[in-house]
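Trainee: Could we go through this one together, a bit at a time? I'd like to start with single residues and then see what else there is.

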Amino acid sequence: MIRRDMLKWGALASALAGAPAAALARAGAGLDVLLLDTRFGEGAAVDMGAARVLTFAGDVTRIWYDHLDRAWRQPGFVVGGITGADALFVLETLAQQQGRKVVARNVLAAVDGIAPVSWVIAPVHPSVLA
Amino acid sequence: MSVLPPDLDAAGFAAFLDDLRAVVGPDWVWSGDEDMHAYRDSFSPVWNTEQERHASAAVAPADVEQVSAIVRVARRHRVPLFPISTGKNFGYGGPSPNVNGSVVIDLKRMNRVLEVNEARAFALVEPGVSYFDLYREIEERGLKLMVDCPDPGWGSPVGNSLDRGVGYTMPHYRDHFGAHCGMEVVLPDGEVMRTGMGAMPGAQTWQEYPYGFGPDPSGLFAQGNFGIVTKMGFRLLPLPEYYRTCLITVPKRRDFVKLVEHVNYLNDSGLISEVEYGSPLRAKMADPQFMALITKVGGVSDAELDAAAEAAGLPCWQVELQFLGPERATWENWLHAKERILADISGAQAIEGEHFALPASQQQLDHPQQPWTSAIKRKRSLGVPSLGEWKIVRDDGHIGFFPVLPRTGEAVFEMQRVLGDAMKEFPTLPPFFNALTTPLMWHTHTFQMVFAPSIRHDDPAHNAISHAAMKKCVEVAAEHGWGDYRAAPIYQDAVADTYSFNNHALRRFHEQLKDAIDPDGIIAPGRGGIWPRRFRA
Ligand SMILES: Cc1cc2nc3c(=O)[nH]c(=O)nc-3n(C[C@H](O)[C@H](O)[C@H](O)COP(=O)(O)OP(=O)(O)OC[C@H]3O[C@@H](n4cnc5c(N)ncnc54)[C@H](O)[C@@H]3O)c2cc1C
């Protein structure tokens, strides 16, 4: 993980800054993908460097089914996100089942009653460590 | 909060974990607060209180041989195991056990779809297979089969059906336990048993004839604690060619009685898929005067609700009908439904909704275009698993009481009134039971209603209210012969207590069985309200 790049990622940076170095080290060249929940803005200004940005509006079904479920069956793959706490609960629960954990989280100011959270999910179980 | 298994000290627990590691390898046993957080019930009404039930450890076997070996180790150390398949039983206890200190046997690694047979319309799966996994297998192989899934699709056919969960397509498929056909079970002594035709070596009909010969024990493994299911077969609906939706409205309160009879007929004749009852008068619920009427003590009269409906220019009730089948059959079935109901109920009206060939396009799944405000959730109605339903979760989760009541309009009115009045004691909760509350037709031949108060991790006072209301609901409903269909561990004793015919003969029978095959309570003691001798003493 290149810390210099992470700091460009606005709200995500504070979450990442709090992440344990070991967890971030597993990210290799950085996040593999960044998820943005468009209920909290379009995220167009986010400069993601190498990571792919995937957007959704509260419902993580498609992103999880098309991308994360497949990626999480292989070792590695670090995901960052700025999403509703509800979407994070779903992703965190699914991640745990596939040997991953939220290694950093930071609750941001609520928008329309839903608090966005910036977070990083990284592999922690030996069977999925890169 | 670290806990130990019952009757075990720290040294004994450490020795037990060592024995588990010897079976599954060191990476597949977890204990300690951080790792066990994932096995807490995040929807618990007693979250962070002394009453919350905690597991002491978790173990994830790779195959049935390891499951047997774990059971034998647990038996030697007298440690209760709590099996989960995908562990998403939120609202009914999540992955957390009945007994503090139990060890979760997490079957997530046993995630093979063993067979999907298109020509004979069945699947055989392991417990870690989720609805998404089964759907993906069918989609990728282009098979013409439909999976009946719950909201949300991250659970498993095995776990869901073993808690007698429900879905949303044709009557005989949406009762998930009813749609199972054949299982493999590890018994409390570690022995592996197969039910039905699976008991006959060489039989090719395990997923086609559930009974085999002699008594069929498969019912004991649903909401029970007599074994760990390691394989399970399910009947699948051949992918219907066409989907059609229609709406019927009826003007007066009492019309609901006849409407229900007609819909029962359509359901029982296999002419319709799941139905959504509702009331167009819900649009008036923001009006405090109207709200006072529909929540008034003693219930509303026909005349009162009819007058309110007339003033609002709205019918009292509606039912959304869904049809699956060949295009012509869906059309004929709809015509039949319409003619039957409109000829019998004066003022009834019919509206045709969306209809299209299956499989549905992404646009049809994501953006229904109904000419009315619809309660149908398109994906689940078409057997497409989703996680979108998560948005119905308020606060940090909910608990659920879903009483079973007769499929009649009168019974619906009575439950609205009785439970509505009983819940007046809890004025801060939403009025789940009011004069517009309509029944769900989840299971094939019965009605249920929903009581699902929320829980909040940072508000124990609110949780205590939800918890007290749940217990009151169970008690008052039972006085009227309405029983809960499914419950979280923390409510299972109270619910089991209400099934008390002939001095609890059913429970005593279950206890006799449990004592005979699992007296030390190795498999999920307390589940379904069934306690073995060791824990009754
Ligand atoms: C918003 C929301 C909507 C929901 N909608 C629905 C719905 O439409 N329909 C529905 O049915 N539920 C619904 N639920 C409840 C629940 O999420 C699902 O039923 C879910 O499928 C259950 O979790 P699971 O499949 O992972 O089962 P698990 O949690 O794995 O299993 C459930 C229970 O069965 C027993 N068990 C599991 N596996 C085994 C085994 N192999 N051997 C022996 N015993 C076993 C255990 O006691 C376990 O606690 C909903 C929940 C929420 C929060």
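**Looking around the model**

Mentor: Buried means under 20% relative accessible area, exposed means over 50%, and partly exposed is in between, using a 1.4 Å probe and protein chains only. Keep in mind that this is a predicted model, where local features need pLDDT of at least 70, side-chain atom pairs count only at pLDDT 80 or more, and totals for chains, interfaces and linings use all residues; side-chain values use heavy atoms, with hydrogens and water left out. As for labels, residues are numbered from 1 along each chain as its sequence is written, while chains are lettered from A and ligands numbered from 1 in the order in which they are written.

Trainee: OK, and where is B:D27 found in chain B?

Mentor: In the loop between helix 1 (10-24) and strand 1 (29-31). Helices (H or I, at least four residues) and strands (E, at least two) are DSSP runs, numbered from the N terminus. The C-alpha atom of B:D27 is 9.2 Å from that of B:V59, and 32 residues separate the two along the chain.

Trainee: How about B:L321, buried or exposed?

Mentor: Buried, since its relative accessibility is 0%. B:L321 sits in strand 14 of chain B, residues 317-325. Its C-alpha is 9.3 Å from the one in B:I376, a residue 55 positions away along the chain.

Trainee: Switching topic: which residues are closest to the ligand?

Mentor: B:S85, B:T86, B:D151, B:Y168 and B:R486 are the closest, out of 34 residues that surround the ligand. A residue is near a molecule if one of its heavy atoms lies within 4 Å of it.

Trainee: And what does the side chain of B:T86 do there?

Mentor: One of its polar atoms lies 2.6 Å from an oxygen atom of the ligand. That's a polar contact, meaning a pair of N or O atoms within 3.5 Å; within protein, one must be able to donate a hydrogen and the other to accept it, and residues adjacent in sequence count only if both atoms are side-chain atoms.

Trainee: How much of the ligand's accessible area does the protein cover?

Mentor: 97% of the 960 Å² that the ligand has on its own. Those areas come from the Shrake-Rupley method with a 1.4 Å probe; for residues, only the protein chains shown count as cover.

Trainee: Which helix gives the largest share of the shell around the ligand?

Mentor: Helix 5 of chain B, with four residues. Strand 3 (81-84), helix 5 (157-162) and strand 10 (228-235) of that chain each supply at least two.

Trainee: Why does the ligand lie between domain 1 and domain 2 of chain B?

Mentor: Because domain 1 (10-108) and domain 2 (111-238) both give residues to the shell around the ligand. The domain bounds come from an automatic or database domain assignment.

Trainee: Is B:A121 buried or exposed, and where is its place in chain B?

Mentor: B:A121 is buried, with a relative accessible area of 9%, and its place is the loop between strand 5 (113-117) and strand 6 (122-125). B:R164 is partly exposed at 31%, in the loop between helix 5 and helix 6 (171-174) of chain B.
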